Amino acid sequence: MRRLMTTGAVAVAGAAVLTGCVAEVPAPVTSAPPMTEAAALLEPQSTQIIDETLAELAAADRAGDADLLSARVGGDAKTLREIEYTLAEAEDGAEPVAIPSTMQAVYVSGADIWPRTLVSVTEQASEDVTPVVLLWVQDSIDAEYQLRGWAHMIPGATLPAMPGTSSGAAQLEMTTDTLDPTPEAVLTDYAELLRQGEGSDLAASFGADSYRERLFAARETLTEAAEDSDGEYRDAVSADLVGSYVMGTADGGALVFTPLTITSSFTVEDATVSIPDEDEPLLEGELDDTVTHEYLDMIVMYLPGPDVDALPAVVAAEHTLINVSDS
Amino acid sequence: MSLRTTALVAGVIGVLLLAAGLIAESQRPPRDVTASASVDTAVVVYEAEMIAFAGDSRIGVSGDGVIVAVTARPVDAEAWLAEHSAARVSGLPSWESLSTEALDPVAPSTSPSPSPSTSASASPEPEEEPSPSASPSAGAEEAAAADAVDILAATSQDHWRADWRGEGRLSIKASDVPPGETLVIVSEDGSPLTDTDLALTRDVDDGWITPLIWWGAFLTAVGVVALVLRFIDLRPAQARGEEWMAKRQRAGDDEADRSPGTRRSRRAKGEHLPDASLEDEPPSPTAPSPTAPADDHPGEERP
């Protein structure tokens, strides 16, 4: 009996000792460590997107076929390229807008939601043209980043500093209350300024830009020409606020990318209007006393942060004729 | 308690310690273990918390065909997983197993259909003998081809960051995954993966086993010696030793008497012994001569 008890005691002691040999399973990690680079895209990813986009553009440019723009180019960018191919097909037609393949800056979003944007600024292709600001949009996790538009920088303009890949730029709504006034209000005022002309009181609310200066100059010229022919010139400006995208800048401001539609109607009395030969491929119908031009523009407006002593200003703009009609 | 009894008790304890040490040695748990879990989905997910938990351990996934692992921001991975069935590795309940959790798609997949598109144009003349149905074998092949769609390539891959590829098995060091990112492992052709594992190195508190064996062996030896001595009568030898010691003591006392010219006897008689000095050296201070009191050596004759 005593031997049995002794053996049992030894066995229990041994088991207890052995149980204590192995450390307990570590406690789970309950919080994720912070990411070193929290932007939606890192440099290799954005580079791949840009390269694939430019490759797709190059292939479509060589073929002059906008149908090849399917994966990386879409929206207004595809529309504009299709127009440019149409113009290029004509005799002595203009070549499509050249987009340099080297970038001097890439701005990525830090958003957790969609749509997200990617912006890059190309190098200056030549002394005659300014760098091009390119806008990509990703609509959902399943969708590719697509080039949706571009705009040449306004001469003398400077793009603001943007957050890097450690955080990425904030993706803001047009109605965000983090900016006062909101991007929506600023763009609405700017569209109104374009309608009213350079004499508008709103002109004092914006920095100077050559985009509206050229628009006003063309309006004045066409208005005088129509009046000389007892005709009339009218135009309408519409800002696509729904299709706008806002990225936060490093100074607490924002870059706003807004498509604009400008429709101008030129009418003369007892005469027939004519258009330049280079616009003929876009003409629908047969011109008589009225011609209507439709432009699809994109502007990039910088809204300064609260501590920046500057006015909102257009830093890049593209003005592209997409249709000419006889009514 | 006598010395012998104490040694015997130590011997018993030594036997117990030695037995425990040897048992522990034979059952010493391995430091390197692999926790695994079976999966049956084409997608396995390790979220950032689990990646951080894994530390420097290796994450493995097995399956048929090409296996691709990619990382993404957690929010992007979550959005992608919302359209795919997946197994999420959620924890380590024991050193041998991983716990997994099934993730079901919460939204219908918007991925493009892998089947070829049909032509919208109608044939101007109907076929004379339209085939009522495709052959079963052809249908099965088409279905298999339809199933074998690249899961990753079916939708945008813009959000994936790092990637690894393997054939049949893919092993990734967890610390190679950028911190904070989610690891998504997929079977490229959509076939289910078979299992996932996590190779771990754990702490085993076995530093006491070897000292325990040595101490047990030492105490056992002490006990054995005590036990052996218990059966041997040492009293005769002890008596001889004591007698030899006493005899030696007496011999030392007689020698002082028989050698009157020795320094010892002269000192005992109080004679002055000259101090040794070296030439050309100042005389050293003289130390007082020691005088032995008469009662220090009660057995000696006084001079």
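A:Arg116 forms a salt bridge with B:Asp76 in this predicted model. The closest N and O atoms are 2.6 Å apart. A:Arg116 sits in strand β2 (residues 116-122) of chain A, and B:Asp76 in helix α3 (residues 74-81) of chain B, so the pair joins two chains. Both A:Arg116 and B:Asp76 are buried.

**Pairs within chain A**

The whole structure holds 20 salt bridges, counted over all chains. One of them links A:Asp61 and A:Arg81, at 2.8 Å from N to O. A:Asp61 belongs to helix α2 (residues 43-63) of chain A and A:Arg81 to helix α3 (residues 75-89) of chain A, so this bridge ties together parts that are 20 residues apart in sequence. A:Asp61 is partly exposed, with a relative accessible area of 29%. A:Arg81 is buried, with a relative accessible area of 2%.

A:Asp209 and A:Arg212 also meet through their side chains in a salt bridge, 2.8 Å from N to O. Both A:Asp209 and A:Arg212 are buried.

| Salt bridge | N to O distance |
|---|---|
| A:Arg116 and B:Asp76 | 2.6 Å |
| A:Asp61 and A:Arg81 | 2.8 Å |
| A:Asp209 and A:Arg212 | 2.8 Å |

**A network**

Some residues join up beyond a single pair. A:Glu52, A:Arg72, A:Glu144 and B:Asp158 are linked in a network of salt bridges.

Side chains of opposite charge can pair when their charged atoms come close. What is the nearest side chain of opposite charge to A:Asp297, and how far away is it? It is A:Arg214, at 9.9 Å. A salt bridge needs the nitrogen and the carboxyl oxygen within 4 Å, so A:Arg214 does not qualify as a partner at that distance. A:Asp297 is buried yet has no salt bridge.

A:Asp297 lies in strand β10 (residues 290-303) of chain A. A polar contact of 2.6 Å joins it to the side chain of A:His319. The backbone nitrogen of A:Thr320 is 3.3 Å from a polar atom of the A:Asp297 side chain.

Which residues touch A:Asp297, leaving aside its neighbours within four places in sequence? A:His319 and A:Thr320 are among them, along with A:Glu318.

Notes:
Residues are numbered from 1 along each chain as its sequence is written. Chains are lettered from A and ligands numbered from 1 in the order in which they are written. This is a predicted model: local features need pLDDT of at least 70, side-chain atom pairs count only at pLDDT 80 or more; totals for chains, interfaces and linings use all residues. Side-chain values use heavy atoms; hydrogens and water are left out. Helices (H or I, at least four residues) and strands (E, at least two) are DSSP runs, numbered from the N terminus. Buried means under 20% relative accessible area, exposed over 50%, partly exposed in between (1.4 Å probe, protein chains only). Lys and Arg count as positive and Asp and Glu as negative; His and the chain ends are not counted. A polar contact is a pair of N or O atoms within 3.5 Å; within protein, one must be able to donate a hydrogen and the other to accept it, and residues adjacent in sequence count only if both atoms are side-chain atoms. Contact means heavy atoms within 4.5 Å.
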